[in-house]
Every structure is written in C-alpha cells, then in structure tokens.
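Here's a quick briefing on the pockets of this protein and on the ligand that goes with it. Have a look at the structure first, then read on.

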Amino acid sequence: MDKIFLSPPHMSGKELSYIHKAFDENYIAPVGSNIDSFENEIQKYSGASHVLVTNSGTSAIHLALLLAGVGPGDIVLCQSLTFAASANPIRYLGAIPYFIDSEEESWNMDPDLMEDAILKCMTGKAYQASASYLDLDQQLLEELSKPKKPKAIIPVHLYGMPANMERIMKIANKYDIPVIEDAAEALGSRYFGQMCGTFSDYGIYSFNGNKIITTSAGGALITTKKENRKKAKKLASQAREKELHYEHKHIGYNYRMSNVTAGIGIAQMQVIEDRVQKRRENYFRYRENFKNVPEIQLQKERQGSYSNRWLTTILLEKGDLEDNYMDFIFHALEKMNIETRPIWKPMHLQPVYKYFPREISGVSQRLFETGICLPSGSSMSLDEIDFVSEKVMSLLAQKERVIS
Ligand SMILES: *Cc1c(COP(=O)(O)O)cnc(C)c1O
C-alpha cells in the first residue's frame with residue numbers, strides 16, 4: 001500500500017496554466033500579474049483590508065513585527081504551543097519572547113495568562129517568569145526588570161482552530177498592544193463568521209507545502225492599513241528608495257514572492273473552500289470512527305468557532321500506561337506507512353528558548369505529551385481515513401507494546 005502522508009500538496013489542475021502565463025509574459029520575477037491576482041483573491045476570500053504576498057509565512061511574521069516597531073530588548077508575548085516559526089522572528093530582531101500557555105478549550109493562547117504576563121511586564125517583574133532567572137545573562141535580566149509594556153502579542157490558530165480572539169483583542173485593546181495573528185495553519189477558519197487572520201492590525205498566512213493550500217513555499221501579510229502594506233512592501237524589497245540609483249535609508253529584506261509561484265496560488269485559491277470542506281469531512285469521519293473509544297479525545301470547536309481542520313489531532317488518555325506508550329504508537333504507524341506527527345513541542349520546553357520568560361499552566365505540555373496529528377490531506381479518500389482509524393484503534397487495543 002502507498003504511504004499515507006500527513007498533509008500532502010493537492011493541486012487543482014489549473015496551476016500550470018498560470019505558470020505558463022508567467023512564462024508567456026516573461027515575468028519570471030518577484031513582480032507580475034500573477035502576484036497581483038493572487039493578492040486580490042486572498043483579499044476577496046478573507047475579507048482582509050490589505051494583502052502582501054511574501055516568500056514565506058515566517059518572513060510575513062518578521063515584517064509584521066517590524067511594522068509593530070519591535071526592536072532589541074522589547075518583549076513580545078507569543079503562544080508557547082506552536083511551530084518555532086512563530087517565535088524565531090522575535091529573536092531575529094533581538095527582542096525577547098515571553099511564552100504564554102494554552103487554554104484547554106481551543107489549545108491556543110490563554111487570555112488570562114496573557115493578561116498576567118502584560119501586568120508583570122508593566123511592573124518590571126517579567127524576570128520572575130523566567131524558569132531560572134538566577135542563570136539569566138545580565139542583559140536579559142536587566143531588560144526583564146524594566147517596567148514596560150509588551151510591544152506585540154502573537155496568538156496562533158493551531159491546526160486551524162480559532163484562538164479566543166474576542167477576549168485576546170479585548171485585553172490587547174485595553175492595554176493598546178498590537179496583535180499579530182499567526183493564521184499560518186488557519187486559512188478559511190472563522191470565528192463568529194469572521195476569517196481568522198483579519199481580527200487585528202496584522203495577520204499572516206503560510207502557503208508552505210503541507211498547508212491547506214500551497215505555492216510550494218510562500219506566505220502573506222494581512223494588514224488593516226494601506227500605509228502598513230506600503231511599508232512592508234518596501235522592507236520586503238530591500239528597502240529601496242524611489243530613486244533611479246539604488247538609494248537606501250533603512251535595512252531591508254528580500255522577502256517577496258515569485259510571480260511563478262504566485263501562479264500556483266491563484267489556482268489553489270479557486271478551490272480553497274472545497275479544501276476546507278474536505279478537511280472538515282475528514283475530521284467528522286475520524287470522530288465518527290472513534291466515537292466509541294473513550295481513550296481518544298478530539299480538538300473541539302467552541303461556540304462561534306469554525307475550524308478549517310487543517311490537521312485532525314487526537315489526544316490519547318494514557319492513564320497508567322507505560323512512559324514510552326506514545327513512541328510505540330508513532331513507530332508502529334510509521335512501520336505501516338502512515339505518516340503522523342506529535343503535537344508541536346511547546347516553545348518553553350525547547351532548549352533554544354530555555355531562559356526566556358513564560359506563563360505556564362501545564363496545558364500545552366499535556367497536549368504535547370498525549371497528542372497525535374493524523375493524516376488529514378484533502379486528497380485522502382474516506383477509505384484511507386477508515387484504514388488509519390482502524391490501525392490506531394488496533395494499536396490501542398494491543399496488550400504487548402514493544403517498539404521494534
Ligand atoms: C507553517 C507555519 C509557520 C511558517 O510558515 P512558513 O511559510 O513555513 O514560513 C508559522 N507558524 C505556524 C503556526 C506554522 O504552522
């Protein structure tokens with residue numbers, strides 16, 4: 001049997017015609033009509049005010065942080081349970097990530113812990129939130145001891161599930177802190193009917209190979225202000241001034257999307273809603289298959305949430321099972337040619353971030369230790385979903401749990 005992948009690319013069939021258009025026009029460059037059309041499509045679908053496509057979701061986060069004025073020594077609150085790309089751009093700027101644990105309900109940033117962190121920052125007590133502040137280097141300790149407001153907040157819509165944007169925005173507005181929504185995994189997800197990525201000053205999408213739609217690599221920055229899009233476009237184009245000669249007053253980046261790959265994006269946007277519906281169908285099939293298995297819990301939608309169900313993720317009740325239980329499951333599925341993945345390892349547990357402050361409840365660590373992302377591609381058949389479900393259930397029923 002062929003390998004069942006976690007989330008493989010799923011072409012609509014029209015992609016090559018737009019790539020040919022780029023070739024016919026000879027715009028094999030980071031400018032051209034495909035880029036303009038792709039931006040328009042994203043804008044229409046999401047209801048965003050302004051869209052700038054980029055060469056990755058990570059560079060879109062970096063640009064958003066620059067627009068929010070984040071610089072060396074600034075503190076940025078960031079969801080701990082996420083992919084490293086949410087947090088790394090904070091460090092590109094020499095700023096300090098302050099990691100916030102998840103709420104049970106959405107698995108995303110806990111608004112109460114977020115407010116606790118804001119108050120600690122404002123009273124110069126953020127250093128107390130570091131795991132081992134006695135080991136902190138002097139500079140970090142000094143920055144965390146200065147009373148100051150966080151410069152930005154990065155919530156994530158994990159696996160497509162909307163974060164609690166209502167409360168997050170209310171608190172962020174109360175303290176007047178810009179929010180950057182990491183909607184890399186959540187194109188097509190809604191919260192009370194509004195598209196994720198459009199709730200705040202800045203949002204980002206990713207079109208990497210395994211996301212709900214793909215341009216092979218790519219991303220988009222969503223912003224509410226025309227002026228911000230203009231600034232971001234300049235920064236993404238090496239910050240070149242409007243002079244015939246190459247004049248530069250700022251440090252810039254090479255972050256624009258290619259007109260060739262934007263062609264893939266146009267064709268992918270034509271089927272985005274089909275992709276959302278199919279991923280949701282996958283989720284409902286898994287849920288039906290597991291309905292009589294008490295050890296398996298699924299990520300639930302709270303009232304008003306509508307997830308694109310990018311990945312169907314399950315939690316296993318481990319009870320008093322042995323420590324290597326999860327390893328056993330992952331290895332066994334791999335041997336059956338079924339690609340799965342643990343839930344993201346929280347940033348506050350990553351060696352590279354061990355000295356940075358955190359507000360922890362333990363929720364994200366438990367999700368990480370008991371979670372499995374199941375194959376969820378929109379090109380999967382329901383038979384394949386049933387096959388994977390059966391394999392998971394048979395492993396759970398197995399008495400002898402030996403990793404071979
Ligand atoms: C994929 C992803 C990113 C980064 O997007 P790239 O396009 O791969 O740079 C950022 N945040 C999250 C949560 C992601 O899943």
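By class, the largest pocket is lined by 9 charged, 4 nonpolar and 3 polar residues. Here Ala, Val, Leu, Ile, Met, Phe, Trp, Tyr, Cys and Pro count as nonpolar, Asp, Glu, Lys and Arg as charged, and the others, Gly among them, as polar. Keep in mind that this is a predicted model, where local features need pLDDT of at least 70 and side-chain atom pairs count only at pLDDT 80 or more, while totals for chains, interfaces and linings use all residues. Residues are numbered from 1 along each chain as its sequence is written, and side-chain values use heavy atoms, with hydrogens and water left out.

**The largest pocket**
- A pocket here is an open set of points on a 1 Å grid over the protein atoms alone, where a 1.4 Å probe fits, with protein on both sides within 12 Å along at least five of seven lines; lining residues have an atom within 4 Å of a point.
- The largest pocket comes out at about 470 Å³, a volume being the space filled by probe spheres set on the points, which are joined across faces, edges and corners.
- It has 16 lining residues, and closest to its centre are Lys230, Lys231, Lys233, Lys234 and Leu235.
- Helix H8 (226–236) and helix H3 (57–67) are the elements that give two or more residues to this lining; helices are DSSP runs of H or I with at least four residues, strands are E runs of at least two, and both are numbered from the N terminus.
- H8 gives the most, with 7 residues.

**The second largest pocket**
- This one has a volume of about 280 Å³.
- Of its 22 lining residues, Phe83, Ala85, Ser206, Asn208 and Lys211 are the closest to the centre.
- H3 and strand E8 (202–206) each supply at least two lining residues, and H3 gives the most, with 3.
- By class, the lining has 10 polar, 9 nonpolar and 3 charged residues.

**The ligand**
- The ligand takes up the space of the second largest pocket, going by the rule that more than half of its atoms lie within 2 Å of the grid points.
- Around the ligand are 15 residues, the closest being Thr58, Asp182, Glu185, Ser206 and Lys211; to count, a residue needs a heavy atom within 4 Å.
- That shell has 8 polar, 4 nonpolar and 3 charged residues.
- A polar side-chain atom of Asn208 lies 2.8 Å from a ligand oxygen atom, and one of Lys211 lies 3.3 Å from a ligand oxygen atom.

Terms used: A polar contact is a pair of N or O atoms within 3.5 Å; within protein, one must be able to donate a hydrogen and the other to accept it, and residues adjacent in sequence count only if both atoms are side-chain atoms.
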